[in-house]
Amino acid sequence: MSNVERFNPHVADARWQNIWEERRSFVADDNSTKPRAYVLEMFPYPSGRIHIGHVRNYTMGDVLARYKRMTGHEVLHPMGWDAFGMPAENAAMEKNVHPGSWTRDNITNMKAQLKRLGFAIDWTRELATCEPEYYGHEQALFLKLYAAGLVYRKESAVNWDPVDMTVLANEQVIDGKGWRSGAPVERRKLSQWFLKITDFADELLTGLGSLDQWPDKVRLMQENWIGKSQGLKCTFRFPGGDGGIDVFTTRPDTMFGASFVAIAADHPVAQKLAANAPDLQAFIEECRKGGTTAADIETAEKRGFNTGLTVEHPLDASWHLPVYVANFVLMDYGTGAVFGCPAHDQRDLDFARKYDLPVTRVVADGDVADSVFVGDIAFTGPGRIVNSHWMNGMTIDQAKADVIARAQTEGWGIGQTQYRLRDWGVSRQRYWGTPIPIIHCQTCGAVPVPDDQLPVTLPEDVSFDIPGNPLDRHPSWSKVDCPSCGNPARRETDTLDTFVDSSWYFIRFASQPQDKPFDRTVAEKWLPVDQYIGGVEHAILHLLYARFWTRALSHIGLIDVKEPFASLFTQGMVTHQTYQDAKGSWLSPDQVRREGDIWTIIDSGAPAVAGRIEKMSKSKKNVVDPDDIVDQYGADAVRWFMLSDSPPERDLEWSEAGIEGCWRFVQRLWRLTSQVSGADGADKVLDRKTHQVIAGVGADIEALAFNKAVAKIYDLANAIEKAAPSASRDTAIRTILLLSSPMVPHLAEEAWTQIGAELGGGLIADAAWPVVDPALLEEDEVTIAIQVRGKLRDTLAVAKGLPQAEMEALALASEKVQHAVDGGDIKKIIVVPDRLVNIVL
RNA sequence: GCGGAUGUGGCGGAAUGGUAGACGCUACAGACUUAAAAUCUGUUGUCCGUAAGGGCGUGCGGGUUCGAGUCCCGCCAUCCGCACCA
């Protein structure tokens, strides 16, 4: 054993970080002729401190970025800040700081934290969405979409806090009450800006088909979110022929099972009736209680109000159905009205049982075809149509087609494609966001801010001492002259949803000229992003909005990119055990100590309870600060931990023992690199292992299966340690350094200068990935399994490629096999070459 | 409520339908040491057995197959998303 000093990250980390920076190692060259690789992790919200989840995310991207550089790519790996959002305003209210200075301070701190981890980031392209240099271009893009007719204004519901007189985000509504006032929230309508994402519904849906490097689950979730369905839009007429109620249904086959029509509380018919019906008015107001989320609405008790109105059944005018106002019907989806077929829809059945409405079966469940439906569980399976006159005996699909055809011929309905997707409401009644560049004029209406007046910047002099949007009460900011007629007018005081900011930052990273949002030619060189990595919580909204925005820009001819992210990876969360004291208060991990199976509070000696392993969160105090652990173990051990053990798409549990193990491995790798001996001679077994590992680690990194790459590196380290000195062993040591350098770059550089000096020096970051010799991958001997009746009875080492007959003979000759067969009748022998023999009795 | 996923030793996990538990962690035993740390060697799914060997084992219940952790059907549990959190 040599007496090498330990690897000291406290010195080495900063040294190499400075060298990479000085040499501009990771600055991407727009004009490079190398193949390009754009590696992007979802940019962070500057909340204050870097979170371990960020570290995991950026470590994964970093390994890929560094690997891509080593395999000859020009890599773009940028970083920026998703810097607008509510927490800055909350901080302003709580700590009396300006959202801007709070945000910018956080960025400074978090950038320093990220730098300590040695990520191969091109910091020259750093951007923050809260700066006019970014959001000004966003305003320009918004106005281009406006000019193209993709932006419009309409009424839409928000959570209204009647005490604070302010709009609340869903997050600020807790159990139906405002988080500060505690008052029950109401749904209130406001006029707001919308982007026409529904124009792209079909494109966004079919586009999913081209995203073959996206996880199936994300594509499926987006598909369901867009929710394309075919159905019938038809009118249930008021008796007497004066108008009616338009209804959309995906189940026209069940029309003869209808027993009521239900309309939304906001439906014009309901509104009109309520004017003269106080009890209906009261019911409608009751329906407005509670928050706006789908979960709130759909888990609320299903309630209805019988309006006393009736409508004619389209297929039988003599058949009249009652009209209810129901709290589960949404004005935003379809026509805001449905017909209820209780036998074949659970919600309708619950409703019918509650209000004692008829329940008629129209789809047979096997042989059950009784006209009166029994039970409380709706039948939604396949079957043939019954109790439906001429449709009896048809399949569901035949009946659907029949009813739609009949409706179109007779003129009372039309076959229609419907989407669940709604237009994207982008108005936010808040300060800390991109101002919507519109001016409201009494004469001219909504007028876009002229290009030469962009950016519309946020005023700095705002106060947060009372709830509500400071832009609204700013003395002068909103007072402007109309750009069109010159008369006094009012600036829009709503700001844009922060999802708009994150819908194009990846384009701005690729190209950031001062005078326009991006240079098309340069952006198109880099886009689409080759690998996008982030949390699965963004599977729908962010990723769908970014896809839409890119298509919208493409639609108006600004860029020729349809899909922004060619390959997507969704990582799991970082979790940690939680601890509580006897009263149930949360304790941080450094407040408790373990003695055997007993946990105690260090300060008081009182008992503590080790609870569930949960996502790290401040409220549960189970957080670990990356700075602390980098201080203790250095960047490389932390990075190694982020990649080890857990598959990246799954949750990773932070543990003391785990990081200790990683620290030991870093030191072990360091010792290994001091063992280059200069010895001669080849070690064929080690050579084979080395090349198998080169091939395996490369494939694993490309597949982002970092835990498997790590396991293979451990395997190679074990093999090297067991091998006797030889030229092969020296090569294996250099190889393991190269293979692990994307993961532990500081140690790799440090060791590389020592053993690399003799090879001519240079940075390992600039070194080439080792090349696999396919001839060395081949094993000449394989172990085959011998099964009897599918149970393993023996294993045999045989030459690779042994003929099946010989495998069979060897298997039968095995004593263990003969014992297991025990003279029984052999019916069949299955032979899988180089794998196994299965003897079937 | 709707949509999506996950479930394998003490723990994290590995396994193109073909030897379940690679690799790591923990624990235990041993070596080295005055001692500790570090390091090294070995053991570590479970039950029966001195051993050889055998039984049982991938959330639960069925099924397909020569062969199922893997495919199919039905459950259970947990987690994530649900349009103003980012």
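Modeller: A polar contact, as the word is used here, is a pair of N or O atoms within 3.5 Å. Please keep in mind throughout that this is a predicted model.

Biologist: With that cut-off in hand, which part of RNA strand B does a backbone N or O atom of Met86 approach at 3.1 Å?

Modeller: The distance of 3.1 Å given for Met86 counts as a polar contact, because the cut-off is 3.5 Å. Glu171 also uses a backbone N or O atom, which lies 2.8 Å from a phosphate oxygen of RNA strand B.

Biologist: Which residue has a side-chain N or O atom 2.8 Å from a base nitrogen of RNA strand B?

Modeller: Sugar and phosphate account for 63% of the atoms of RNA strand B that come within 4 Å of the protein, but this contact is made to a base. The atom on the protein side belongs to a side chain, and the residue that carries it is Gln192.

Biologist: Which helix gives the largest share of the surface near RNA strand B?

Modeller: There are 65 residues around RNA strand B, and those that come nearest are Asn170, Arg428, Arg430, Arg612 and Asn838. By class, this surface has 24 nonpolar, 19 polar and 22 charged residues. Its largest share is six residues, which come from residues 706-722, that is, from helix α22.

Biologist: What is the volume of the second largest cavity?

Modeller: Its lining includes Trp20, Phe26, Arg66 and Pro742, and by class it divides into seven nonpolar, one polar and three charged residues. The largest share, three residues, comes from α2, while α24 (745-756) also supplies at least two. The volume of this second largest cavity is about 50 Å³.

Biologist: How much space lies in the second largest pocket?

Modeller: This pocket is lined by 20 residues, and His576, Pro589, Asp590, Trp654 and Glu656 lie nearest its centre. The elements that give two or more residues to the lining are β26 (574-580), β28 (592-595) and α18 (626-633). By class, the lining has eight nonpolar, five polar and seven charged residues, and the space in the pocket is about 490 Å³.

Biologist: Finally, which residue takes a positive phi in the hairpin of β10 and β11?

Modeller: Strand β10 (residues 229-237) and strand β11 (residues 244-249) pair in the antiparallel sense over six bridges, and Cys234 stands opposite Val247 in β11. The hairpin has six residues between the strands, and the one with a positive phi, near 100°, is Gly240.

Conventions:
Residues are numbered from 1 along each chain as its sequence is written. Chains are lettered from A and ligands numbered from 1 in the order in which they are written. This is a predicted model: local features need pLDDT of at least 70, side-chain atom pairs count only at pLDDT 80 or more; totals for chains, interfaces and linings use all residues. Side-chain values use heavy atoms; hydrogens and water are left out. A residue is near a molecule or strand if one of its heavy atoms lies within 4 Å of it. A polar contact is a pair of N or O atoms within 3.5 Å; within protein, one must be able to donate a hydrogen and the other to accept it, and residues adjacent in sequence count only if both atoms are side-chain atoms. Helices (H or I, at least four residues) and strands (E, at least two) are DSSP runs, numbered from the N terminus. Ala, Val, Leu, Ile, Met, Phe, Trp, Tyr, Cys and Pro count as nonpolar, Asp, Glu, Lys and Arg as charged, and the others, Gly among them, as polar. On a 1 Å grid over the protein atoms alone, a cavity is a set of points where a 1.4 Å probe fits but cannot get out, and a pocket is an open set with protein on both sides within 12 Å along at least five of seven lines; lining residues have an atom within 4 Å of a point. Grid points are joined across faces, edges and corners, and a volume is the space filled by probe spheres set on the points. Two strands pair if DSSP finds at least two bridges between them.
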